[in-house]
Amino acid sequence: MTTKKLAIMAMGIVLVCGQCDPLLQIHSDSRNQEVGVEASAAGLADQFPQGVRTATISMMEESADLIQKEADEQKAEEEAEKVKAEWIALREEQAARREEVKAQAKEAAETKKRMIEAAKKKEEEEKRKIELAKERVLAADATGATYNGVRLMYSEPYEASKGHITRSNGTVRFDGNKETWYSIHEPGQTVTAVRIPGKHIAKDGTIRDKDGYICVAASQRYKRIHTTLMTSLGPAKVYDTGCSYGTIDIYTAW
């Protein structure tokens, strides 16, 4: 039997009893069911036989218990709904926080990317500045003349050929010539090739003239004085003698 039906039956008994006893009628007000049931139960003691009184009281008590149980269940449901609402709110808050963190991470990644791109751009600009400065230096160093398409440089190194002569690699073959080198630091070389206009030491260690030609020595039967030629280190001009036929001796400060 449902709580509603039990309550109706119990209140019906109370109402019936209330017609017999004013005391019971006072407590039959449905707006205060719990108090009315207790008062009515007390009033039944003198109005009905023991069996009827016991059954009625039992039914009323059961009705009161069921009402209380439903009230407790309703309260539990309300509490559950409250907890559920709080959990949903917390979940939504966590989801919003995750989105916020993702947005912050994305923004940080984009900022890092922009910084890397800016740094790369700055590096490229710096390299370009260096290249331009180098070009200006080369242009300032250039004498304005060329030899076989090679711009003559006063001091800057020329683009050396593969396998060019070096201090450690003292003998090479280039353009049909045997190349060797001799140094101003060798005994007796301080007075050789003295008639070189604008004689100076270039950045690659070669001795050059005012126009940027590398100074070399050669047999007069092979290459006469002031003859120009190409060496593995760049354009050269004969200013000295004393070499065997077919040899080009490059003058250096090595």
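1. Let's start with E81, which lies in helix α4, residues 50-141. Helices here are DSSP runs of H or I with at least four residues, strands are E runs of at least two, and both are numbered from the N terminus. E81 is exposed, with a relative accessible area of 52%; exposed means over 50%, buried under 20%, and partly exposed in between, using a 1.4 Å probe and protein chains only.

2. Before going on, please note that this is a predicted model, where local features need pLDDT of at least 70, side-chain atom pairs count only at pLDDT 80 or more, and totals for chains, interfaces and linings use all residues. Residues are numbered from 1 along each chain as its sequence is written, and side-chain values use heavy atoms, leaving out hydrogens and water.

3. Now the whole chain: the protein chain has 4 helices and 10 strands. From the N terminus, the order of elements is α-α-α-α-β-β-β-β-β-β-β-β-β-β. Of the 254 residues in the protein chain, 32% are buried.

4. Next, have a look at D209, in the loop between β6 (207-208) and β7 (214-218). D209 is buried but has no salt bridge, and K237, the nearest side chain of opposite charge, is 4.2 Å away. A salt bridge needs a side-chain nitrogen of Lys or Arg within 4 Å of a carboxyl oxygen of Asp or Glu.

5. What does the side chain of D209 make a polar contact with? One partner is the side chain of Y239, at 2.8 Å. A polar contact is a pair of N or O atoms within 3.5 Å; within protein, one must be able to donate a hydrogen and the other to accept it, and residues adjacent in sequence count only if both atoms are side-chain atoms.

Technical notes: Lys, Arg positive; Asp, Glu negative; His and termini not counted.
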